[in-house]
Amino acid sequence: MLRLFRTLKHLRWEQVAYRPLRIAQFRLYRHFPALANPWTMPQGAPEVAAACEIIRSVFLERFTHLNSPLTGFDQRINDLGDNTFTFLNRRVRLYPLDWNSRYESHLWNYQLHYFSFALWCARSRVERRDDSFEPCRKLIESWLSEARIGRSDGWDAYPTSLRVVNWIYAYSLIENSYDNREFLDRWRGAIHAQLDFLSRHLEHHLQANHLLKNVKALFIGGLFFNREDWIEKGGSLLLRELEEQILDDGGHYERSPMYHSQTLADFLECHALQTAFGRLRTGQPFDIKLQKMAGFLDAMTYQDGSFALFNDSANTEETSPIPVIESAQKIVGYAFGNYPAAFPETGYFLWENADKSEKIIVDAGPPSVDYNTAHAHCDIASYELWLDGSPLIVDSGVHGYGGDRYREFCRSTRAHNTITIDGLEQSEIWDTFRMARRAEIVEAAAESNENCWSFRCRYHPYHGKKLTHQRSIRRGSAGEWVFEDSVTGGSTHLVESFIHLHPAINAKKIKVDSHNIECRSKNLDILIEPFGAETVEIIHGSLSPIQGWYFPDFGRAEKRSTIRITYRAESGCVFGYKIKRDSEPDGRESTKQTK
């Protein structure tokens with residue numbers, strides 16, 4: 001009960017007030033289906049031909065992130081016709097398909113109800129003039145006939161928000177060339193009804209990216225149907241959330257590169273459409289804010305087009321950063337590479353060389369916005385490091401949410417490239433998305449000079465406000481990296497430091513009785529030299545306890561080597577490790593020579 005109180009005290013009043021209301025509403029819809037008839041049995045909707053022309057033009061010309069080439073397109077179409085769906089790297093055939101049942105997981109089911117495939121089916125009809133939209137049409141008609149409010153996950157406000165936007169875009173793409181007018185009329189009526197439902201069930205109890213998805217759908221739906229009430233309500237909330245959710249340095253307040261990418265795409269779409277519809281209000285701060293947001297996403301992106309995996313980030317096809325940044329280039333004039341080396345409000349600090357083949361990103365910000373820590377991890381002072389254009393040390397990423405076997409591990413301190421003190425977490429995480437007491441940042445700053453870079457941060461873990469972990473990171477002119485840690489407060493502490501290597505890296509001790517570890521891949525020969533350590537262990541794909549796993553995308557678990565270094569740290573003493581290119585000292589054969 002104390003932990004629950006420590007969690008609830010951070011919430012806003014809307015979250016406390018609206019949660020029981022929403023639960024009660026959906027239970028009523030479940031037991032008294034007639035209450036939901038206005039939305040499940042729509043009576044038609046306004047004509048939208050003119051709006052379709054505007055949306056179609058903006059979509060095709062400016063939304064690069066929604067027009068990227070699709071891999072395996074023909075197989076995707078065949079799968080749809082066979083009721084086979086692939087989400088979160090899980091391919092499942094649903095026969096018979098029940099829109100009121102839950103398959104795989106809550107998140108997987110949400111993906112099913114988003115109807116993201118409607119977009120690429122509609123794109124195919126526009127680009128190839130074929131009948132590839134027909135499997136999608138059948139699924140839409142099936143959903144309209146069967147999905148029930150209070151029973152189907154698809155009527156939750158979040159999937160409703162994503163679905164209606166996908167349907168508005170898909171409808172706009174095919175409206176002028178599709179002959180089945182009866183279906184279009186029914187489909188349009190359903191979109192209108194779902195927007196009306198959404199306008200009365202906004203997710204004020206969740207806030208953050210959920211509420212933004214609701215607001216985006218309401219605003220775009222208002223433009224689509226020329227509904228002034230939806231435009232006004234959605235537009236005012238859109239501006240409010242822009243000011244609330246986007247920090248002064250351009251980062252999103254949930255501190256997750258993936259959710260930042262989604263949020264940027266949401267704001268870009270709204271901005272481009274309100275401009276095209278002539279609804280842009282003077283004095284709106286969209287352009288500057290969105291340019292800063294694009295800069296943040298650009299900074300979090302590596303040479304291969306992936307982004308850093310901090311705080312529930314996954315490199316999915318839908319959130320790929322480069323197409324989103326290209327959309328920002330078209331919509332608000334962002335120039336690639338136009339970003340600073342520090343994002344102090346969000347809490348990210350980075351250094352990279354001229355050709356960006358060497359790059360470090362350090363997370364030293366608060367876990368998340370105070371009232372929504374759903375995607376916050378225990379990762380203060382953690383980092384990702386690329387050398388010679390290849391990933392060396394990476395975050396663990398995210399495998400899944402509710403009910404996922406790896407969920408607790410992914411949020412834990414031991415899943416990140418930082419330290420645990422006396423076996424305790426940095427912040428008091430619990431359940432799938434909860435956080436009670438939180439670590440507190442004391443200081444975070446960085447300095448650079450040509451090929452040298454230094455960073456330092458200090459924070460208090462939740463379990464000891466007089467306890468301080470200080471980390472400093474230095475990049476020397478010769479290319480070596482030095483990581484120094486110290487713990488002050490108390491007497492002696494058991495400290496574990498974790499270094500999570502990319503799966504492509506092979507790690508082993510140079511000698512059985514040595515603490516030094518050689519890390520090799522096709523492109524890298526690296527030596528890690530701990531100092532002040534008691535023990536050094538390499539863990540690879542352990543399940544008890546979970547350690548040595550990498551989750552680059554939802555549903556993907558790859559074994560990798562994790563280095564665990566233990567220290568008996570007296571207050572104020574310095575310990576850590578050095579990372580440098582391996583000069584292959586005497587007594588060890590060159591890996592290249594023995595191949």
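Buried here means under 20% relative accessible area, exposed over 50%, and partly exposed in between (1.4 Å probe, protein chains only). You are touring a predicted model, in which local features need pLDDT of at least 70 and side-chain atom pairs count only at pLDDT 80 or more, while totals for chains, interfaces and linings use all residues. Residues are numbered from 1 along each chain as its sequence is written, and side-chain values use heavy atoms, leaving out hydrogens and water.

Start by selecting helix H5, residues 73-81; helices (H or I, at least four residues) and strands (E, at least two) are DSSP runs numbered from the N terminus. Color Phe-73, Arg-76, Ile-77, Asp-79 and Leu-80, which are buried. They lie on the same side of H5, because they cover an arc of only 160 degrees around the axis (the arc of the directions from the helix axis to the C-beta atoms). On the face turned away, look for the exposed Asn-78 and Gly-81.

Next, show strands E1 (84-87) and E2 (90-93), along with H7 and helix H8 (134-146): these are among the elements covering the buried residues of H5.

Now select Phe-85. Among the residues it touches are Leu-80, Val-92, Trp-108, Phe-117 and Leu-139, where contact means heavy atoms within 4.5 Å.

Finally, pick H7 (residues 117-128) and H9 (residues 157-174), whose axes come within 9 Å and cross at roughly 10 degrees. That makes H7 roughly parallel to H9 (angles under 35 degrees count as roughly parallel). Residues to display in this contact include Ala-122 and Val-126 of H7, and Trp-167 and Tyr-169 of H9.

Conventions: Axes fitted to C-alpha atoms, helices over the stretch in contact; angles between N-to-C directions. Parallel < 35°, antiparallel > 145°, perpendicular 65-115°, else oblique. Lists of a residue's contacts leave out its neighbours within four places in sequence.
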